[in-house]
Each structure stands twice: as structure tokens, then as C-alpha cells.
Amino acid sequence: MLMEIADTLRTKLDPRKTLNSLKGDADPGNSSTGNGTGYDSENDSDPELHEERTGNSDTVKSSRNGKVPLIKLTDVWKVYQMGEVEFAALKGVDLEIYEGEFVVVLGPSGSGKSTLMNLLGCLDIPSHGTVSLNSRDISRMDESELAQIRGQMIGFIFQSFNLIPTLNTLENVTLPLEFQEEESSRARERAEYLLEIVGLSDKHHNLPSQLSGGQRQRVAIARSLAVDPPVLLADEPTGNLDSKTGNYILEFLDELHRKEGKTVIIVTHDMTPVKYATRVVHIKDGEIEKIDEVEGNFCKL
Ligand SMILES: Nc1ncnc2c1ncn2[C@@H]1O[C@H](COP(=O)(O)OP(=O)(O)OP(=O)(O)O)[C@@H](O)[C@H]1O
Ligand SMILES: [Mg+2]
């Protein structure tokens, strides 16, 4: 378990990146400095939707409105084997996530949301179909390369938080930076800064067990931001919270989307995040039922 958590946190800090517009906890004043996705934009001028597989290379390209998807799932199946029995948790999912989107994947319990999140975050591989990250088919990357790219691009906020129980708040947020051998005083400074942003400056020395559910969720968010990834993936971020704390978390993610240009993906059974979404993906029994485009919730970048 700890190794799995550790693996998702391995990444590299870009020390130039800050969250200036969020400093002061939900009362931003400054503008953003861009999102640093670094995605392949060679198709930017192409106005048409198209897909192209380049010969024998591992590059899968597709564009919509001249953009290349950050994450692209093509005919993705996830089949779990339980003894003699197979269970298809995802059945032929096609989904593209673009830079600057706020996507809410909405579906009932057991519909395949967490399974989908693990695939979107490249934490798992499909039984069939392809997942590409930054235009590269992840099945063609070795595990260390994948961990590196995933770590640079994606911050995870898990359904069960996945905080390390024996580390205090400050240490949990510092951990991803330590994996990158970030100089300890700088890592600590960054962690203190993020805990200030999520309103937990007075809880540095509390263990997860000494925090409320909402506070744990905020530590998980601070940790997901440690290396300033362009994409945030959150599994039921409001699932265990009262509505006030849940709304605080959602508004914070909304600020990250609108003011920092983060690409945010939430998987949930809860309707509340829908109002912040640019797209709502409805999932049921492992299949996408429909996708609703929402107007008006764009990021300012
Ligand atoms: N490792 C596994 N082995 C077998 N079946 C699994 C496994 N993981 C998930 N499933 C099954 O796949 C289906 C989808 O599970 P998943 O966790 O993705 O659902 P979910 O939509 O996230 O549900 P919830 O809202 O309750 O978190 C469920 O029926 C579940 O029982
Ligand atoms: Mg789930």
C-alpha cells in the first residue's frame, strides 16, 4: 500500500511554479503564470477533428478545436478476473480530456468511476484498448518512464485520501518533494505554503488520525499540488464531507481551474460538483451513457 502511494507521488518539482493567484486562501489577487502542461501542440493549427496513428510509432494523435488531448482513452475495457469469473467494470470507453477542462464523471456506486480514474491517471492499464497521455500510448512506456511522466502531470486526490498515517500533516505534503530529492528546506517551505493555502497552517504536527475528514481532504489536496501538476484527478472529493466543507473543497478546485488553468477531473456520484464543470460525463454499468457540454465555466487562460 505504502509503495503504491509512494509511486503516485514520485515526481519532479518545478521550483518556479507557484500558486500566486490562490495565495491568501480562496481570495486570489494575482493572475496565473500558465499551466505548464508541455503537451505536444504541433497540431494546434489543425481546425478539424481527426485521429491519426503514425506508422509504427507509439504516438496517438487526435485534435478537437486545434488541441491535442492530454489524456485519451480509446475503446478501453477493464475486466477483473475473480477465480473463474470475469467482470467487466469498463466496457469500451472512449474519452478525451483536454487542457483546461473541468470534467465531472458522474455515476452511481459500482458504475466504474474509480476504475476509470485509475486508468485516466495511468495508475492501471486497460485489459483492452489504449490510454494515451500527452499523445503517447502508455502501454509502450516502461514503468519508470510512466511513473515519471505521471508524476509530473497528475496530482491525485484519492477517495480514501491515502495519507500516510504515521506522518504528520507537514511530512505528508513534503513527501512527493522528498522523492525528488528536493532540498529539504525548500520542500518544507513549499509544504508550509500549500498548507497555508488550504487553511491548515496550525495543523503541521497533527497526524491524519488527529484531523477531521475535511482537514484530511485538504491535506490530500495540498499534497496533490506539491509538485504543481497541470492535471488534478479527484475521486469523490466531497464524499465524506458535510456540505459546507464539501463546497469549500469544490470552490478551491474551481479556483485552481479558473485562475491557475489546472485541468480538473472529478469522479463522483454527487451532483454538487456539476455546477463547476465544463463537461459532464455520465457513466453507468461501465459505459459512458452521454456527455453534456456546459457553457460558461471556462478557465481564463
Ligand atoms: N479489483 C477488483 N476485482 C473485482 N471487481 C472489482 C475490482 N475493483 C472493482 N471491481 C468491481 O468493478 C465495479 C466498478 O468498481 P469501481 O470501484 O470503479 O466503482 P465506483 O463507481 O467507483 O463505485 P463507488 O461510487 O462505490 O466508489 C464494481 O462492480 C466493483 O465491484
Ligand atoms: Mg469509487
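Author: In this predicted model, 45% of the 301 residues of the chain count as buried, and its secondary structure comes to seven helices and 12 strands.

Reader: Why is Asn 162 called buried?

Author: The cut-off for that word is 20 or more other C-beta atoms within 10 Å, and because Asn 162 has 20 C-beta neighbours inside 10 Å, it counts as buried. Asn 162 is found in the loop between strand S8 (154–157) and helix H4 (169–179), and it has a positive phi of about 55° although it is not a glycine.

Reader: What makes Asp 285 buried, partly exposed or exposed?

Author: A residue would need 20 or more such neighbours to be buried and 12 or fewer to be exposed; Asp 285 has 14 C-beta neighbours inside 10 Å, and therefore counts as partly exposed. Asp 285, in the loop between strand S11 (279–284) and strand S12 (287–293), also has a positive phi without being a glycine, here of about 50°.

Reader: Why are S4 and S7 said to stand at the edges?

Author: The open sheet of four strands has the order S4-S3-S6-S7, with antiparallel pairing. Strand S4 (85–97) and strand S7 (136–137) each have a single partner strand, so one side of each is left without a neighbour in the sheet.

Reader: How do you know that S8 and S9 pair, and which way do they run?

Author: At least two bridges are required, and four bridges join S8 to strand S9 (residues 231–235), the two running parallel. Phe 156 stands opposite Leu 233 in S9. Within S8, Ile 154 and Phe 156 point one way while Gly 155 and Ile 157 point the other way, and all of them are buried; in a regular strand the side chains alternate between the two faces of the sheet.

Reader: Which residues touch the most other members of the largest nonpolar core?

Author: Among the 64 residues of that core they are Val 105, Leu 116, Leu 194 and Leu 233, and helix H7 (residues 243–260) contributes the largest share, six residues. Leaving aside its neighbours within four places in sequence, Leu 194 is in contact with Val 173, Ala 222, Leu 225 and Ala 226.

Reader: What makes up the shell around ligand 1?

Author: Ligand 1 is surrounded by 13 residues, of which the closest are Tyr 80, Ala 89, Ser 109, Ser 114 and Thr 115. The shell divides into four nonpolar, eight polar and one charged, and its largest share, three residues, comes from H2.

Reader: How many residues reach a pLDDT of 70 or more, as a percentage of the chain?

Author: The figure is 76%, and the mean pLDDT of the chain is 80. Over residues 8–18, however, the pLDDT is below 50, although this stretch has 27 contacts in the model beyond near neighbours in sequence. Over residues 20–63 the pLDDT is also below 50, with 83 such contacts. Where pLDDT is low, the predicted coordinates should not be read in detail.

Technical notes. Residues are numbered from 1 along each chain as its sequence is written. Chains are lettered from A and ligands numbered from 1 in the order in which they are written. A nonpolar core is a set of buried Ala, Val, Leu, Ile, Met, Phe, Trp, Tyr and Cys residues joined through C-beta atoms within 7 Å. Two residues are in contact if their C-beta atoms, placed from the backbone, lie within 7 Å. A residue is near a molecule or strand if its C-beta atom, placed from the backbone, lies within 6 Å of it. Ala, Val, Leu, Ile, Met, Phe, Trp, Tyr, Cys and Pro count as nonpolar, Asp, Glu, Lys and Arg as charged, and the others, Gly among them, as polar. pLDDT is the predictor's confidence in each residue, from 0 to 100.
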